[in-house]
Amino acid sequence: MKGYGLISGNMQQTLDRLTTPSRTSWKQILRKHLSAVINSPGPFRESCWARRNRRGLPLPGAKKLDAKIVVAIDTSGSIGTAELTQFFTEMEKIVKDISQIVMIQCDAEIQDVHWQYKKGDFRKIKIKGRGGTIVQPVFDWMFKNKMEKYPLVYFTDGEFSYDFDTKGVHVYWCITSTMGRRDHIKVPKGDNIYIDIKENER
């Protein structure tokens, strides 16, 4: 059933193969929105005591962060197998441009973290969740792990409470869309990108 809840699920499933073509032009979208992190090394810097300050002061030096993005997959009960398959189809498109991807599965809580997603990993990843939908745990996890400087791509159907705090994370909401829903679902606090799903595939 569509809609969102607050309870975490414990169901699992696997995806054997991706049969649907990519419905989103990631070449264009990534180069428009994520061009700063496509080429390594990354554009962000962090303080690092292991690196000497250039001015000779008793202060930490600057260390460049590697190009990396975080991808969150909505695995709540409102997401069907066809949508999950499409999410991973799009993931396979992204991984061609971004070599370092951290993938998170989340329904009402973090279900799994795949620290380095590689092309074809969908075959060995178990889909976990199928409970309600809360997006806040993903932002909390990124903040706790000091990854709030990296962009987040969040695959979802947009069916959840919009009362959340991004913790300063720049998020790209990749929302499943059917005819007539594109104007209905617009998630705040980020950029909305739509993935077309045919009604008979749900």
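Figure 1. T156 is buried, with a relative accessible area of 0%; buried means under 20% relative accessible area, exposed over 50%, and partly exposed in between (1.4 Å probe, protein chains only). This residue is placed in strand β8. Helices (H or I, at least four residues) and strands (E, at least two) are DSSP runs, numbered from the N terminus. Leaving aside residues up to four places away in sequence, T156 touches D74, I79, F87, W173, C174, I175 and T176, where contact means heavy atoms within 4.5 Å. The model is predicted: local features need pLDDT of at least 70, and side-chain atom pairs count only at pLDDT 80 or more, while totals for chains, interfaces and linings use all residues. Residues are numbered from 1 along each chain as its sequence is written, and side-chain values use heavy atoms, with hydrogens and water left out.

Figure 2. Six of the six residues of β4 are buried. I69, V71 and I73 lie on one side of the strand and V70, A72 and D74 on the other, so that both faces are covered. Two strands pair if DSSP finds at least two bridges between them. With β5, β4 pairs in the parallel sense over six bridges, and the bridge partner of D74 in β5 is C106. The chain passes from β4 through α3 to β5 in a right-handed β-α-β crossover; right-handed means that, with the strands pointing away from the viewer, the path from the first strand over the helix to the second runs clockwise. β4 also pairs with β8 in the parallel sense, over four bridges. In β8, Y154 is the bridge partner of A72.

**Figure 3. The nonpolar cores.** A nonpolar core is a set of buried Ala, Val, Leu, Ile, Met, Phe, Trp, Tyr and Cys residues joined through side-chain atoms within 4.5 Å. The largest has 26 residues, and those with the most contacts inside it are V71, I73, F88, M91, I101, Y117 and F155. At least two residues of this core come from each of β4 (69-74), α3 (81-94), β5 (101-106), β8 (152-156), β9 (171-177) and β10 (191-196). Helix α3 supplies the largest share, five residues. V71 touches M91, I101, V102, M103, I104, L152, V153 and F155, residues up to four places away in sequence not being counted. A second, separate core of 23 residues includes I104, V135, M147 and Y194. In soluble globular proteins, nonpolar side chains tend to be buried together.

**Figure 4. Helix α4 and its cover.** Helix α4 spans residues 136-144, and Q136, P137, V138, F139, W141 and M142 are buried in this helix. Among the elements that cover these buried residues are β4, β5, β6 (110-114), β8 and β9. Just after the helix, K146 takes a positive phi of about 55°.

**Figure 5. Two lysines with positive phi.** Most residues other than glycine have a negative phi, and most peptide bonds are trans. K146, although not a glycine, has a positive phi of about 55°. K146 is placed in the loop between α4 and β8 and, at 71% relative accessibility, counts as exposed. K167 is likewise not a glycine and has a positive phi of about 60°. K167 belongs to the loop between β8 and β9; at 31% relative accessibility, K167 counts as partly exposed.
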